[in-house]
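Thank you all for coming.

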Amino acid sequence: MKLFKKLAMVALAAVLALAMVGCGSAGGSVKDAYLNAIDDMAYSDNVEATHVKTIDTAAEAVLQTAAKNYTENDAIDELLADLAIWEDAGVETGYYVTVVPAVQFKSALGNSVILSQIAGQLISDQEYPVGDPGEFNNAFEYGVAVGTINGQNVFVMLKRAPVVA
């Protein structure tokens with residue numbers, strides 16, 4: 001059943017990507033494409049994923065600070081999880097941080113397939129906690145940033161358990 005859901009999501013992403021190409025997709029960005037893919041994949045997995053713009057701001061600050069402090073000995077994912085980077089960025093901890101290459105193909109089909117794969121990885125990955133991101137019970141809040149570290153285009157996602165008001 002999970003395989004069927006994943007294949008259905010790939011097919012849906014392909015149709016959406018082709019529709020966007022057919023309509024010219026004016027104003028669409030790589031970030032928007034990733035956000036849509038994350039929302040679609042979360043929905044197909046019965047996970048409540050809430051995009052929070054203030055977390056986007058935090059992700060952008062961490063990404064920019066990491067880019068400024070990068071050295072050739074750094075692994076990008078480990079650098080983004082380094083507490084010193086977060087302190088320099090002025091961002092509170094309490095997130096999982098995930099970084100993936102920000103890939104963009106020439107074809108809509110290639111983009112839809114890679115977006116589906118990356119969205120699945122972003123939703124499930126909890127490899128680099130920074131502080132205590134809390135317990136995820138089929139729900140999380142997230143923010144994203146797209147940028148460059150050492151010439152490599154990357155997509156950074158911060159996610160945490162939903163904040164209860």
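Let me begin with a term: a residue is called buried when its relative accessible area is under 20%, exposed when that area is over 50%, and partly exposed in between, using a 1.4 Å probe and protein chains only. Please keep in mind that this is a predicted model, in which local features need pLDDT of at least 70 and side-chain atom pairs count only at pLDDT 80 or more, while totals for chains, interfaces and linings use all residues. Residues are numbered from 1 along each chain as its sequence is written, and side-chain values use heavy atoms, with hydrogens and water left out.

A search of the whole structure finds 2 salt bridges, a salt bridge being a side-chain nitrogen of Lys or Arg within 4 Å of a carboxyl oxygen of Asp or Glu. One of them joins the side chains of Asp56 and Lys31, at 3.4 Å from N to O. Asp56 belongs to helix 3 (residues 53–69) and Lys31 to helix 2 (residues 30–44), so this pair ties together parts that are 25 residues apart in sequence. Helices here are DSSP runs of H or I with at least four residues, strands are runs of E with at least two, and both are numbered from the N terminus. Asp56 counts as buried, at 8% relative accessibility, whereas Lys31, at 28%, counts as partly exposed.

In the other bridge, the side chains of Arg160 and Glu141 meet at 2.9 Å, N to O. That pair links strand 5, which holds Arg160, to strand 4 (residues 139–149), which holds Glu141, across 19 residues, and both Arg160 and Glu141 are buried.

Strand 5 (residues 152–160) also contains Lys159, which is buried at a relative accessible area of 1%. What does the side chain of Lys159 reach at 2.9 Å? It reaches the backbone oxygen of Leu122, and a polar atom of this side chain lies 2.5 Å from the backbone oxygen of Ile123.

Turning to the cores, a nonpolar core is a set of buried Ala, Val, Leu, Ile, Met, Phe, Trp, Tyr and Cys residues joined through side-chain atoms within 4.5 Å. The largest has 25 residues, and among the members that touch the most others are Val62, Trp86 and Val156. Helix 3 gives the most to this core, with 6 residues. Beyond its neighbours within four places in sequence, Val156 is in contact (heavy atoms within 4.5 Å) with residues including Ala59, Leu80 and Val97. A second, separate core of 24 residues includes Ile38 and Phe136.

Definitions and conventions. A polar contact is a pair of N or O atoms within 3.5 Å; within protein, one must be able to donate a hydrogen and the other to accept it, and residues adjacent in sequence count only if both atoms are side-chain atoms.
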